[in-house]
Amino acid sequence: MSTRTEGRSEGRTWKGSGLKFAGLGHYFPRHQRRHDTEVTISGRTYPPEAAAELGVRSLHVADEDETLEFMAVQAAQAALADAGREAGEADLVILANWTDRQWIPEIAPGVAHRLGADKALAFDVCGACTGFVHGVQTAASMLTAHPGWQRAVVVAADRFTRRARPGTRGQLVFGDAAGAVVLEKGDPDDPSGLLDSVLDCDATEADTVAARAPEGWLRPRPELIDLAVGSSLRVADNVLSRNELKTSDIDWLVPHPGNNAIHAGVRDGLDLDPAKFLTNFATRGNTGCASIPIALSEFTGSGLLKGGDLVLSTAVGSGWYYGGLLYRL
């Protein structure tokens with residue numbers, strides 16, 4: 001594993017920057033497929049026991065008219081409304097996505113135009129399932145570098161169901177969704193906001209998960225679970241140590257969810273109270289890079305996540321990328 005970011009003593013990359021999540025939003029496709037009865041997908045029939053073993057009771061499947069751009073716009077509009085901002089106030093629009101990549105144009109400019117953020121710099125990032133971390137860290141860097149810029153809309157959207165290889169159990173795990181945040185500059189003395197971010201890459205493990213042309217179906221190697229657990233623990237340890245924190249100091253771990261085995265490995269490795277491990281994996285599935293922002297939006301909306309909560313979010317993805325965010329809501 002690369003150790004470029006490990007052991008840095010300064011930590012707290014964004015503390016005092018005034019950067020905070022001013023608004024949260026999400027979009028779930030209209031069709032929610034339930035797994036509590038027998039379900040047939042791509043010609044294969046799965047009993048409810050199969051889904052129960054994987055831990056996904058339901059997930060969302062986008063219709064043809066629910067394009068990636070459409071989902072991203074819905075989530076971004078919700079985040080802007082939550083922040084009390086108009087799209088024209090955005091200086092930057094970043095779209096994280098890996099399931100619907102295209103040559104040109106990038107998708108983010110279309111999202112910005114449909115939002116009404118025509119003056120914003122708009123571009124795509126990838127990073128597979130670490131895309132949201134990548135997008136937030138990039139936005140934070142650019143907002144800090146441009147004194148005149150005030151806010152960014154960071155959207156993460158994936159149609160993961162289209163990347164499930166027919167006949168595999170991934171069809172019971174991969175879901176579609178979009179999540180968004182409005183990241184903006186505020187009072188640097190405000191104790192809430194974005195505190196730290198890390199993102200690293202171990203290129204020697206780049207092919208542990210791949211999705212290649214022409215089908216684009218996900219093909220993981222058997223060592224994926226061990227690598228995902230180890231990388232997640234590495235990120236958590238790095239962020240916590242950089243910020244002189246213990247696992248018990250955080251209120252919530254809101255990670256990118258992979259599967260039940262990865263979740264168990266991370267909880268055990270961190271010696272984390274299971275009640276602090278928060279995902280919507282059981283009802284939404286693994287939604288790729290959208291996983292973290294949809295959970296933040298959904299659980300803040302329900303009142304489970306509250307202002308002042310200290311949250312750590314970790315993510316891993318093909319590349320091999322691993323990263324995380326530390327923030328106070």
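Let me begin with burial: buried residues make up 55% of the 329 residues in the chain, where buried means under 20% relative accessible area, exposed means over 50% and partly exposed lies in between, with a 1.4 Å probe and protein chains only. Please keep in mind that this is a predicted model, in which local features need pLDDT of at least 70 and side-chain atom pairs count only at pLDDT 80 or more, while totals for chains, interfaces and linings use all residues. Residues are numbered from 1 along each chain as its sequence is written, and side-chain values use heavy atoms, with hydrogens and water left out.

On overall dimensions, a compact globule of 329 residues would have a radius of gyration near 20 Å, and the chain agrees with this at 19 Å; the radius is taken over C-alpha atoms, and the globule rule is 2.2 Å times the number of residues to the power 0.38. The C-alpha trace spans about 55 × 45 × 40 Å along its principal axes. Of the contacts between residues at least 6 apart in sequence, 78% join residues at least 24 apart, contact meaning heavy atoms within 4.5 Å.

Turning to secondary structure, the chain has eight helices and 15 strands, which are DSSP runs numbered from the N terminus, helices being H or I with at least four residues and strands E with at least two. I will take two sheets in turn, and there two strands pair if DSSP finds at least two bridges between them.

S8 and S9, by contrast, run antiparallel and are joined by nine bridges, and Arg151 stands opposite Glu184 in S9.

How many of the residues of S8 are buried? Nine of the nine are, so S8 is largely enclosed by the rest of the structure. Both of its faces are covered, with Arg151, Val153, Val155, Ala157 and Arg159 buried on one side and Ala152, Val154, Ala156 and Asp158 buried on the other.

Leaving aside neighbours within four places in sequence, Leu296 is in contact with Phe21, Leu24, Val254, Leu305 and Tyr327.

The other sheet is open too, with four strands in the order S10-S15-S14-S13 and mixed pairing. S10 (193-201) and S13 (252-253) stand at its edges with a single partner strand each, so one side of each is left without a neighbour in the sheet. Eight bridges join S10 to S15, residues 321-328, and these two run antiparallel, with Leu325 in S15 as the bridge partner of Ser197. Helix H4, residues 131-145, lies across S10, S14 and S15, running at about 120 degrees to S10.

Finally, the aromatic side chains. The structure holds five aromatic pairs, where rings of Phe, Tyr and Trp (its six-membered ring) pair if their centres lie within 6.5 Å, and planes under 30 degrees apart count as stacked, over 60 as edge-to-face and the rest as tilted. Tyr27 and Phe70 form an edge-to-face pair, 5.6 Å centre to centre with 90 degrees between the planes, which links Tyr27 in S1 to Phe70 in helix H2 (residues 68-83), 43 residues apart. Trp98 and Phe160 are likewise edge-to-face, at 5.3 Å centre to centre and 85 degrees between the planes. Trp98 lies in the loop between S6 and H3 and Phe160 in the loop between S8 and S9, so the pair ties together parts 62 residues apart in sequence. Both Trp98 and Phe160 are buried.

How values were computed
Axes are lines fitted to C-alpha atoms, for helices over the stretch in contact, and angles run from 0 to 180 degrees between N-to-C directions.
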